[in-house]
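Work through the exercises below with the sequence and model open. Try each task before reading its solution.

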Amino acid sequence: MHYPSPVNSKLSISVHSQRKSSKDMHAKGIDPTTGFLDRGECLALTTRMAAQATQTGRPLASLWIDLDRLKQVNESFGHLGGDTVIVQIAERLREKSGGRAEWCRMGGDEFVGLATDCDAAHALQLAHDVLQAIETPLRFGEFALHPSASIGVALLEPNEDPFAFLERADRAMSTAKRQGGGRVVASGDEPVPGRLGILLAREELEIENRLHLALENGGLTLHYQPIIGFDGRIEAVEALMRCGASNELIPPGKFIPVAEKTGLVIRLGEWSLLAGARFARDLEDAGRRTKVAINVSRAQLVSPKFTQALHAALLCANVNAELIELELTESLFMDISETVQSNLRAARDAGVGLAIDDFGTGYSCLANLKDIPATKLKLDRAFVTVLPHDRRAFAVVKAMTQLGRELGMTIVAEGVEKIEQLDSLREAGVDAIQGYIHARPMPEEALMNWFHERKAT
Ligand code: C2E
Ligand code: CA
Ligand code: CA
């Protein structure tokens with residue numbers, strides 16, 4: 001099979017430079033410093049191995065490795081120093097791969113490994129093993145050098161040009177480098193522009209598409225999780241967004257970060273405000289008057305349009321504002337801009353409750369609490385999971401509870417799963433509990449049944 005040489009690529013340019021310097025070499029096709037195949041041979045070898053992989057149907061992987069910061073070593077220790085590092089790194093590559101790969105030096109501080117019969121999982125494992133080996137400190141005279149590398153991994157695709165295959169590994173390596181180095185990136189995982197032109201990894205791109213589809217075709221739903229007071233009252237239900245059909249739901253832990261990155265979170269947030277407010281009205285109509293707590297993201301709250309969106313939701317749902325509570329993560333309160341303050345004030349003026357979510361995980365100072373017009377404090381699950389054994393955590397929970405209480409807030413603990421945690425939180429003075437111990441988040445209908453069964457017992 002004949003593969004055309006790529007035009008204008010990093011590979012073709014280097015083939016020429018390799019040819020020019022070949023007369024300096026000890027053995028043709030071998031890099032004298034490392035004993036690895038040189039760039040020209042690497043290209044020939046890749047072509048042979050790719051043809052073989054196509055024939056046998058066995059997967060072929062390439063690893064493109066570029067040492068981070070070698071330029072600094074050269075500048076500090078001169079080229080001889082740099083060469084010593086290269087020799088030792090080459091030794092580590094050879095040792096660590098234990099015959100799993102053929103190694104080539106592409107010049108400077110770049111290496112390529114080719115591994116036959118190596119699927120994606122094995123290739124990534126090999127890349128991580130090699131990275132770990134490279135990152136072991138090197139003694140260099142009196143100094144210890146901490147090498148690191150960026151590694152790109154590609155798997156040969158059916159009928160793929162071997163040059164294109166190598167270039168994909170090279171591009172993935174560049175992405176690893178751009179992300180700060182010291183990491184492995186698989187080809188295909190590099191960020192590509194999404195529908196809104198924002199760079200996303202392939203998985204994120206898929207999620208962005210599904211979010212657009214969900215927004216257009218009604219694939220969003222809210223599940224509700226009850227928050228129950230120690231006095232047995234239902235304090236509120238929290239609205240938690242779900243995306244997709246019930247058999248292939250994407251969890252919010254995955255889609256919210258993508259929505260935040262792309263700005264879609266504003267549209268999602270407006271949707272959940274309206275849907276949550278409507279449900280509060282439905283509950284009231286069904287004789288189950290309960291507050292609905294709706295999560296609001298930072299992007300929504302920093303926008304001057306937020307107050308308008310909130311009023312629109314209250315109006316459309318025709319709901320009493322006191323039945324709505326907004327959950328805002330603690331990190332929002334680190335810097336409160338004029339816009340955020342006026343949005344918060346407008347919400348309070350309208351009668352909407354404000355809860356500080358995930359409290360204790362951000363960096364906001366307890367003293368900041370006095371400036372926030374919040375009505376509820378939700379202690380993060382991280383404090384709850386270590387109870388009752390962690391007495392220091394217990395002391396912190398108790399102190400936060402007291403302070404919150406003195407500021408007139410209701411204190412809720414999140415993520416309560418065990419009876420011992422519940423007892424400990426009662427002792428600390430917490431008002432209400434949210435967690436699997438009482439109920440998991442559930443669709444509207446299931447929540448209605450849950451109410452019904454609860455009343456019956
Ligand atoms: P969050 O606001 O802190 O919501 C509580 C999360 O804890 C929920 O996860 C809930 O299912 C989970 N949880 C409740 N009880 C327990 C428990 O006992 N054990 C454990 N392990 N987990 C428990 P979920 O539904 O996956 O939501 C995750 C996060 O996604 C939320 O955390 C919130 O930050 C975000 N989110 C969800 N819906 C929305 C939304 O409509 N808008 C925005 N902006 N963010 C949302
Ligand atoms: Ca929340
Ligand atoms: Ca929370």
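**Exercise 1. Which residues of β1 are buried on one side, and which on the other?**

Some ground rules come first. This is a predicted model, where local features need pLDDT of at least 70, side-chain atom pairs count only at pLDDT 80 or more, and totals for chains, interfaces and linings use all residues. Residues are numbered from 1 along each chain as its sequence is written, chains are lettered from A and ligands numbered from 1 in the order in which they are written, and side-chain values use heavy atoms, with hydrogens and water left out.

Solution. Take one side of β1: L60, S62, W64, D66 and D68 are buried there. Buried means under 20% relative accessible area, exposed over 50%, partly exposed in between (1.4 Å probe, protein chains only). Now count: nine of the nine residues in β1 are buried. Strands (E, at least two residues) and helices (H or I, at least four) are DSSP runs, numbered from the N terminus.

**Exercise 2. Trace the barrel.**

Solution. Eight strands close into the barrel, in the order β10-β11-β12-β13-β14-β15-β16-β17. The twist averages 30° from one strand to the next. Check one pair: β10 (residues 220-229) and β11 (residues 234-243) run antiparallel, joined by nine bridges. In that pair, I228 stands opposite I234.

**Exercise 3. Which protein donors does the calcium ion (ligand 2) have?**

Solution. List them: E238 (OE), N295 (OD1), E327 (OE) and D357 (OD), at 2.1 to 2.4 Å. Donors are N, O and S atoms within 2.8 Å of the metal (3.2 Å for Na, K and Ca); water is not among the atoms, so sites may look incomplete. Along the chain, the spacing reads E-x56-N-x31-E-x29-D. The calcium ion (ligand 3) lies 3.9 Å from the calcium ion (ligand 2), and D357 coordinates both. Distant parts of the chain are linked: E238 in β11 and E327 in β13 (residues 324-329) are 89 residues apart. Both E238 and E327 are buried.

**Exercise 4. Which residues of α13 meet α14?**

Solution. R391, F394, V397, K398 and T401 in α13 meet S424, L425, E427 and A428 in α14. The axes of α13 and α14 (residues 419-428) come within 9 Å and cross at roughly 45°. Axes are lines fitted to C-alpha atoms, for helices over the stretch in contact, and angles run from 0 to 180 degrees between N-to-C directions.

How values were computed. Two strands pair if DSSP finds at least two bridges between them. Contact means heavy atoms within 4.5 Å.
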